[in-house]
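These are my notebook entries on a structure that I looked through element by element.

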Amino acid sequence: MRPGAGELDEQFTAFVRSRGEHHLRMATLLTGNREAAEDLVQASLLKLYQVWSRIDTSAEPDAYLRRIIVNTRRSWWRARRWQETPVPEVPEPAAGEDAAERHALGALVRQALARLPRQQRAVLVLRYWEDLPEAEVASLLGCSAGAVKTHAHRGLRALRESLGDLGPIAVNQTSGPARG
Amino acid sequence: MEDVHADEASEVRRLLATVFEPVPADSAAAGDGLLRAVCRRHTRRRRTRALVSAGAVAAAGAAAAVLLSVTVAGVPPALAAVTSALSRASAESFRMTLKVTQHNTAPGDSFMRSPLYITGKLDLKRNLGEETLSNGWRTLIVGGEAYTKLPPAQEKAYETGGKPWTEESLSDPSNAPPYGSAGGQLAWDLNSDRPFNPQALLALLNSGAQVRDEGPVSGPGWTGTRYRFTLPHPDGTGRLVNSITCTVDVDGQGHVRSMAQTTAFVAGGKLGARAGTIYTLDFTFSDFGLRFSVTPPPASQIDPGEGLAVQF
């Protein structure tokens, strides 16, 4: 069932239909948890919708939403007086050995990501999943371009250490993120 | 520092992609799901704003509202007494102590060092507050802003740029997840700068809570009556909350003297717990009408996160 016509702006609706999944995946990588990511993206879309009529959405709505997601995530984190410990969801195993193996690898990578300091994780996701230039990542995270380089370097090193011999297997079994 | 080499960048992209393997992207389905959720939140937000406005009116004209709620024919006395006391609390000042206890219904993850103790003073009419936490945090509330001083060891984790204080806007409702319901708001508030939220409790009462009179109760220097209500699966909390139960002690002058608020979260819910998690907040209130002032920290010591602000 789709939202009723006229409930939300048509352009906004089209944007969410075409780009919602992409931002949900980015948020999943940032939070390490699909449900937290859904909350984060839904809250961020609501914020975006409230200013939708005032922004130039023909230019770069992705950039607006990305910035809102990053800010909202940081704001939620800071407002917490004790830190919630997200538990990565383990997806239902799919049929077939290959599918099960890929699920397991995905879970391992997600756990390895969850163990990274938040800033390192954010840099890896924004720099390499979102494919943003260093300067833009630095602007989003409120740090210097040099800090982005440092976080990227240390983040990758930590991922490799976490995954050990499984890292190359994971890399060889995937073709990378779908761009777009 | 050398940038990550292009091959390494490719390696990171592929590693990140494994998180979603072998689930294919279904943009249309995901987009429709998000749109439905945004529609629901948009509608709830408008409804909640109306409720909050009603609560604010009640708080602003507390005396009149209290009299009205007590004397309206047909309102059960227990509900009227609790409504009156919470309306009053939302417009006055007092000292507060709070003990937060976490309990898991089965072996599972702990989110906090339990119990956590909070002491402080609040003036809900003037939006002022000072709170000290047993985990080393200190919070000042001045108007629509909350300033939190973190223990030095946590400054790095919270990315404060070496500043000892952080600043969060309390007046911007978008700083909290838009659960869009009083129950969801309370579930969020229990771990926020303002764990005592009489207006959300009032909205919860208005959503159909049955209040029971549990008889006489007394504390140091006061006597009163204990009331209790439970909301199973509060509206709008989805898979987050199983129930919210409150025990409220109201003294002979109509002040809330103590309150125990128990929130039972769903196992595997949005807190990510494998076990069901129960938080109990034990409040005590005293020194009603207390006058105090709060000075914000120097601007040079605050990390406002300006570099992250969204400008529209």
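**Entry 1: a helix with two faces**

I began with the face of α7(A) that is turned away from its buried side, and found there the exposed residues A:Gly146 and A:Glu161. I took a residue as buried if 20 or more other C-beta atoms lie within 10 Å of its own, as exposed if 12 or fewer do, and as partly exposed in between, with C-beta atoms placed from the backbone. Helices (H or I, at least four residues) and strands (E, at least two) are DSSP runs, numbered from the N terminus. I note here that this is a predicted model, in which local features need pLDDT of at least 70 and side-chain atom pairs count only at pLDDT 80 or more, while totals for chains, interfaces and linings use all residues. Residues are numbered from 1 along each chain as its sequence is written, and chains are lettered from A and ligands numbered from 1 in the order in which they are written.

The buried residues of α7(A) are A:Val148, A:His151, A:Ala152, A:Gly155, A:Leu156, A:Leu159 and A:Leu163. Seen down the helix axis, they fall within an arc of 130 degrees (taken over the directions from the axis to the C-beta atoms), so they line one face of α7(A). I then checked the length: the 19 residues of this helix (residues 145-163) should span 27 Å at 1.5 Å a residue, and the end C-alpha atoms are 27 Å apart, which agrees. The expected span is 1.5 Å times one less than the number of residues. After α7(A) comes A:Gly164, with a positive phi near 55 degrees.

**Entry 2: the cores**

Which residues have the most contacts inside the largest nonpolar core? In this core of 53 residues they are A:Ala27, A:Leu29, A:Val41, A:Val109, A:Val125, B:Leu16 and B:Leu34. A nonpolar core is a set of buried Ala, Val, Leu, Ile, Met, Phe, Trp, Tyr and Cys residues joined through C-beta atoms within 7 Å. Helix α2 (residues 34-51) of chain A gives the largest share, eight residues. Domain 1 (5-80) and domain 2 (99-173) of chain A both contribute to this core, so it lies between them; the domain bounds come from an automatic or database domain assignment. Apart from this core lies another, of 41 residues, including B:Ile118, B:Phe196, B:Ile244 and B:Tyr279.

**Entry 3: B:Leu204**

I placed B:Leu204 in helix α7 (residues 198-206) of chain B, where it counts as buried because it has 24 C-beta neighbours inside 10 Å. Leaving aside neighbours within four places in sequence, its contacts (C-beta atoms, placed from the backbone, within 7 Å) include B:Ala182, B:Leu231 and B:Ile244. B:Leu204 and B:Ile244 are 40 residues apart in sequence, with their C-alpha atoms 9.3 Å apart.

**Entry 4: the chains**

Chain A has eight helices and zero strands, and 43% of its 180 residues count as buried. Chain B has seven helices and 12 strands, and 39% of its 312 residues count as buried.

Note on methods:
Two residues are in contact if their C-beta atoms, placed from the backbone, lie within 7 Å.
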